[in-house]
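Work through the exercises below with the model open. Each task is followed by a solution in steps.

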Amino acid sequence: MSKRALITGITGQDGSYLAEHLLAEGYQVWGLTRGQANPRKDRVAKLIPDLAFVDGDLMDQGSLVSAVDLVQPDEVYNLGAVSFVPMSWQQPELVTEVNGTGVLRMLEAIRMVSGLGKSTGGSDGHGQIRFYQASSSEMFGKVVESPQSEQTPFHPRSPYGVAKAYGHYITQNYRESYGVFGVSGILFNHESPRRGAEFVTRKISLAVAQIKLGLQDKLLLGNLDAVRDWGFAGDYVRAMHLMLQQDEARDYVVGTGRMHSVRDAARIAFEAADLDWEEHVVVDPALVRPAEVETLCADYGDARRELGWEPETGFVELMRMMVESDLRQAGLERDHGELLAGASW
């Protein structure tokens with residue numbers, strides 16, 4: 001009998017790639033969506049015809065209990081979050097409700113449906129719902145060492161990072177208190193042609209396509225010296241799945257172990273379209289974060305050794321993939337007279 005998986009955040013890039021991966025592995029997959037009309041739900045439904053949907057909201061405990069009880073999943077992947085870090089300064093309470101308390105609500109739903117009571121020492125996870133929490137490298141924030149591993153202390157530098165740290169620790173707490181097979185993947189930045197238009201790598205690739213077609217001339221960016229460990233989302237969802245197949249529940253850092261600057265990303269993207277980035281990029285001080293995270297770089301040695309996971313897509317290949325996708329989409333939009341920037345999947 002095939003396994004059943006429930007994914008929150010199904011309309012995001014990670015949710016769609018994970019759903020495709022799990023379906024290819026023979027799973028039945030449900031995506032959690034809020035009841036109201038959602039154009040991104042329609043897009044992911046067209047992209048992945050075998051995907052089913054169930055109503056639920058990370059801000060509504062009762063809806064999560066109903067969803068888990070209805071689907072009866074073997075695995076729950078909690079990818080749902082307000083994932084754009086700068087927004088967390090503008091709406092810190094919302095980000096905390098979704099990214100922090102939302103994790104608690106899903107864990108409570110799993111505990112209630114599973115009938116787990118208080119115990120100590122954890123569980124081997126057999127015959128129960130396994131839970132994956134999407135933790136974030138933003139939890140490391142002002143790092144005390146580089147690269148960062150599972151043992152590196154957290155010092156988040158944004159409300160987003162603080163909320164993610166809560167989600168990480170509450171998952172650990174339910175593992176230790178109730179025996180929930182709960183793991184967190186501390187994922188470093190991961191991108192794709194499905195990335196939201198507000199994220200810097202996608203903002204760059206979209207602008208390159210528009211500039212190449214003569215539809216715009218300048219691209220405004222913030223701190224060009226900010227560096228990140230960027231990988232391909234399609235690679236990272238494999239690690240998520242592998243974490244829930246282990247005999248023992250534990251957390252893993254997932255990244256490439258290589259850092260690139262925003263300047264590197266812009267240069268590579270513009271070169272992919274035979275353009276000179278310096279002729280088009282303008283630094284806008286208003287786009288610089290109040291507290292920047294400078295040196296995030298993954299030590300993913302445990303994931304490599306214990307999960308057998310390695311990233312397969314390099315940064316140059318990733319940026320070129322994104323530019324080529326956005327050039328195709330921009331050309332289609334131009335040909336059809338449509339303005340659908342940022343909605344390429």
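pLDDT is the predictor's confidence in each residue, on a scale from 0 to 100. The model is predicted, and its pLDDT averages 91 over the protein, with 92% of the residues at 70 or above.

**Exercise 1.** Find the stretch where pLDDT stays under 50, and state how many contacts beyond four places in sequence the model has for it.

Solution. Residues 119-125 are the stretch in which pLDDT stays under 50. For these residues the model has 17 contacts beyond four places in sequence.

**Exercise 2.** Compare the reach of helix α7 with its expected span, then describe its burial and what covers it.

Solution. Step 1: α7 covers residues 200-212, 13 residues in total. Step 2: from first to last C-alpha the helix reaches 18 Å, close to the expected 18 Å at 1.5 Å a residue. Step 3: of the 13 residues, 10 are buried, among them Arg202, Leu206, Val208 and Gln210. Step 4: the cover over the buried residues of α7 includes β7 (190-191), β8 (219-221), α9 (262-272) and α11 (315-336). Step 5: just after α7, glycine 214 has a positive phi of about 75°.

**Exercise 3.** Locate leucine 58, and decide whether leucine 58 is buried or exposed.

Solution. Step 1: leucine 58 sits in the loop that lies between β3 (52-55) and α3 (61-71). Step 2: its relative accessible area is 8%. Step 3: the cut-off for buried is under 20%, so leucine 58 counts as buried. Step 4: beyond four places in sequence, leucine 58 touches Thr8, Leu64, Asn78, Gly80, Val98, Gly102 and Arg105. Step 5: glycine 102 is 44 residues from leucine 58 in sequence, yet their C-alphas are 4.8 Å apart.

How values were computed: Residues are numbered from 1 along each chain as its sequence is written. This is a predicted model: local features need pLDDT of at least 70, side-chain atom pairs count only at pLDDT 80 or more; totals for chains, interfaces and linings use all residues. Side-chain values use heavy atoms; hydrogens and water are left out. Helices (H or I, at least four residues) and strands (E, at least two) are DSSP runs, numbered from the N terminus. The expected span of a helix is 1.5 Å times one less than its number of residues. Buried means under 20% relative accessible area, exposed over 50%, partly exposed in between (1.4 Å probe, protein chains only). Contact means heavy atoms within 4.5 Å.
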